[in-house]
Amino acid sequence: MIVAGDIEPGSRLNEAVLAEQMLVSRGPVREATRALVKAGLLVSVPAKGVFVREMSDKEIAENYDVRAMLTGMICEQAAARRGDGDIAVLRQMIEDMEVAIEANEIARYYEVNVEFHDLIGHISGHSCAHRIYNDLIRETHSLRRSLSSPDFTNAEHRILVDAIEARDGDLSRQLGFDHVIHGKKRWKASLDRKGA
């Protein structure tokens with residue numbers, strides 16, 4: 001629910017309400033809450049409760065920067081390790097995202113987008129980078145969903161897959177890095193619009 005954006009950052013969690021919604025006792029909700037605090041998605045505030053973590057602008061900017069470097073490295077590794085079947089699946093995902101764009105199904109586009117980047121992580125074979133990347137993604141799901149620019153990002157996906165298919169590691173690294181930095185620029189522009 002947190003990752004899907006159903007519970008907004010800063011919201012206080014109510015164990016009893018969540019247990020009732022999920023038709024479970026409070027015990028499993030309490031255990032899940034502890035795990036999510038440990039994962040960094042929730043924050044426990046003594047005598048106040050548990051809240052969905054809110055990230056500062058500085059934390060968000062740093063998240064983008066680290067994710068850009070990791071994405072570049074992962075894309076470079078994927079270019080060296082990819083198989084023909086991998087390219088076919090990535091291209092099908094791009095087409096699936098295009099269908100979602102045309103149908104104005106932004107939630108579906110975002111879901112396939114996450115799967116697309118996850119597959120590149122798997123193809124890279126760099127489990128450490130992929131794990132850290134996924135942790136960073138989890139922190140910013142609701143933000144990234146709200147800043148989605150499907151036409152622009154899917155065009156970048158096509159060029160990136162071309163570079164991975166050509167086994168051009170240097171270009172794949174640069175395109176992966178740039179892809180995330182473009183997202184950071186959209187986020188900064190959204191802050192400027194809010195401040196205007």
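1. Helices (H or I, at least four residues) and strands (E, at least two) are taken as DSSP runs, numbered from the N terminus. The model is predicted: local features need pLDDT of at least 70, side-chain atom pairs count only at pLDDT 80 or more, and totals for chains, interfaces and linings use all residues. Residues are numbered from 1 along each chain as its sequence is written, and side-chain values use heavy atoms, with hydrogens and water left out.

2. Helix H4 covers residues 84-102, and its end C-alpha atoms lie 27 Å apart. This agrees with the 27 Å that its 19 residues should span at 1.5 Å a residue, the expected span being 1.5 Å times one less than the number of residues.

3. Ile87, Leu90, Met93, Ile94, Met97, Ala100 and Ile101 of H4 are buried (under 20% relative accessible area; exposed is over 50%, partly exposed in between; 1.4 Å probe, protein chains only). They cover an arc of only 140° around the axis, so they sit on the same side of H4; the arc is that of the directions from the helix axis to the C-beta atoms. The exposed residues Asp84, Val99 and Glu102 are on the face turned away from that buried side.

4. Helix H5 (106-124) and helix H8 (150-165) are what the buried residues of H4 pack against, contact meaning heavy atoms within 4.5 Å.

5. Asparagine 104 follows H4 and has a positive phi, near 55°. This asparagine 104 belongs to the loop between H4 and H5 and counts as exposed because its relative accessibility is 58%. The C-alpha atoms of asparagine 104 and proline 150 are 9.6 Å apart, with the two residues 46 apart along the chain.
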